[in-house]
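Open the model in your viewer and keep the sequence panel beside it. This tour tells you what to select at each stop.

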Amino acid sequence: KEFILLLVLLSIIIINSNVSPYFLDLYNLIDSTFLFSEKAIIALSMTFVIIARQIDLSVASIIAVSSCVLGYTTSIGMDTYLVITFTLLSGIACGAFNGYIIIRFAIPSIIVTIGTMSLFRGLAYSFLEDQYYNKFPDFVVSLGSDYLFGYIPYAFLTFIILSIIFGFILHKTIIGKRIYSIGNNPESAQYTGIEVDKYTFALFTLNGLFSAIAAIFLSGRLSSVRPNIAFGWELEIITMVVLGGVYIYGGSGSIIGVVISIFILGMLSFGLGLLNVPGVGIIIFTGLLLILSIGFPSFIKYFRSKNE
């Protein structure tokens, strides 16, 4: 799967470089990472969630809540480290709330997070109404919009470092093996001594934390927070994960596949943007990719049965 994804990525690069003379410009490529870095950070933790046979549709709404907390704590004059601390805690609290409801009442995660998607977004709207925040600590603005050594955006650098860490955890540690076991068969994993509920709670809490981290980068980059910030991101993030070969029903997938799919979607969006394709067209294309990536195994089985 990773080899096929790599071929797709190379094809996209070759096509875009031939269609637009601006595609392979180094500075344009560097700036294009701003289009997907925040989503990519959440996609890493979402990979763990989906491999464990769960799903989280509330991540974009958690970004909205965390961004509001970021703007509010800044507006009342809190120190930068307190602003960041409360922002991260808000994401952790939202993720922990998801995890607690799921394990305490044994409700499917898709149902819980559909509910909290509306709940958290509603909190953001009730908090800000039609207002917005546009003042943030200099440190946050620098994180969202500046470059390390003038070349590497901090959000993209964070994504690369976290990819290495998450890849090691998933593929080289007992934690990763247990996540795969939970995704393959939660009941069997429970009988072998794996604390499935604790892992589920931890993964949703981690997803909330990473949503808050993304909120910090995004708010600093936009220098503005409104209640509709990151609207619709949850489907784009899930597309990144599923397109990367992570089985939507859990139990299989790899970080390297997800990383390649992130670059595929990022380079595709960048190339379409250079061709002046409207944002609606990119959204439609992303939706089609999500359907194809989820339905691909079923399509293969269908055509095989027809041939037989």
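The stops below run from the whole chain down to single residues.

**Stop 1: the whole chain**

Keep in mind that this is a predicted model. Show the whole chain as a cartoon. The protein has 14 helices and 2 strands. Turn the view along the principal axes. The C-alpha atoms fill a box of roughly 65 × 55 × 35 Å.

How does the radius of gyration agree with that of a compact globule? With 308 residues, such a globule would have a radius of gyration near 19 Å. The protein has 20 Å, which agrees. Now colour by accessibility, if your viewer can. Of the 308 residues, 48% count as buried.

**Stop 2: helix α11**

Select residues 196–222. This is helix α11, with 27 residues. At 1.5 Å a residue, helix α11 should span 39 Å. Check the distance between its end C-alpha atoms: they are 39 Å apart, which agrees.

Is α11 largely enclosed or open? Of its 27 residues, 19 are buried, so α11 is largely enclosed by the rest of the structure.

Step one residue past the end of the helix. Ser 223 follows α11, and its phi is positive, near 55°. Keep that residue in mind for a later stop.

**Stop 3: the salt bridges**

How many salt bridges does a search of the whole structure find? The search finds 3.

Start with Arg 221 and Glu 38. Their side chains meet in a salt bridge, 2.9 Å from N to O. The pair links distant parts of the chain: Arg 221 is in helix α11, Glu 38 is in helix α3 (residues 37–51), and 183 residues separate them. Arg 221 is partly exposed, with a relative accessible area of 27%. Glu 38 counts as buried, at 1% relative accessibility.

Next, select Lys 39 and Glu 236. They form a salt bridge, and the closest N and O atoms are 2.6 Å apart. Glu 236 lies in helix α12 (residues 233–243) and Lys 39 in helix α3, so this pair ties together parts that are 197 residues apart in sequence. Glu 236 is partly exposed, with a relative accessible area of 24%. Lys 39 is buried, at 10%.

Then pick Glu 195 and Lys 198. Their closest N and O atoms are 3.3 Å apart, again in a salt bridge. Glu 195 is partly exposed, with a relative accessible area of 43%. Lys 198 is exposed, at 55%.

**Stop 4: the cavity**

The largest cavity has a volume of about 40 Å³.

Which elements give two or more residues to its lining? They are α13 (255–274) and α14 (279–307). To see the lining, select Leu 265, Leu 268, Ser 269, Leu 272, Ile 282, Phe 285, Thr 286 and Leu 289. By class, the lining has 6 nonpolar, 2 polar and no charged residues.

Stay here and select Gly 281. Gly 281 is found in helix α14. It counts as partly exposed, at 26% relative accessibility. Draw a distance from Gly 281 to Ser 269, C-alpha to C-alpha. The two are 12 residues apart in sequence and 9.9 Å apart in space.

**Stop 5: positive phi**

Most residues other than glycine have a negative phi.

Select Arg 53. Its phi is positive, about 65°, although Arg 53 is not a glycine. Arg 53 is found in the loop between α3 and α4 (59–75). It is partly exposed, with a relative accessible area of 39%.

Move on to Ala 106. Where is Ala 106 found? Look in the loop between α5 (80–105) and α6 (109–128). Ala 106 has a positive phi of about 55° and is not a glycine. Is Ala 106 buried or exposed? At 67% relative accessibility, Ala 106 counts as exposed.

Methods. Residues numbered from 1 in each chain as written. Predicted model: local features only at pLDDT ≥ 70, side-chain atom pairs only at ≥ 80, totals over all residues. Heavy atoms only, no water. 1 Å grid on protein atoms, 1.4 Å probe; cavity = no way out; pocket = protein on both sides within 12 Å on 5 of 7 lines; lining within 4 Å. Points joined across faces, edges and corners; volume = space filled by probe spheres on them. Helix = DSSP H or I, 4+ residues; strand = E, 2+ residues; numbered from the N terminus. Nonpolar A, V, L, I, M, F, W, Y, C, P; charged D, E, K, R; others polar. Expected span 1.5 Å × (residues − 1). Buried < 20%, exposed > 50% of the residue type's maximum accessible area, 1.4 Å probe, protein only. Salt bridge = Lys/Arg side-chain N within 4 Å of Asp/Glu carboxyl O. Rg over C-alpha atoms; globule rule 2.2 N^0.38 Å.
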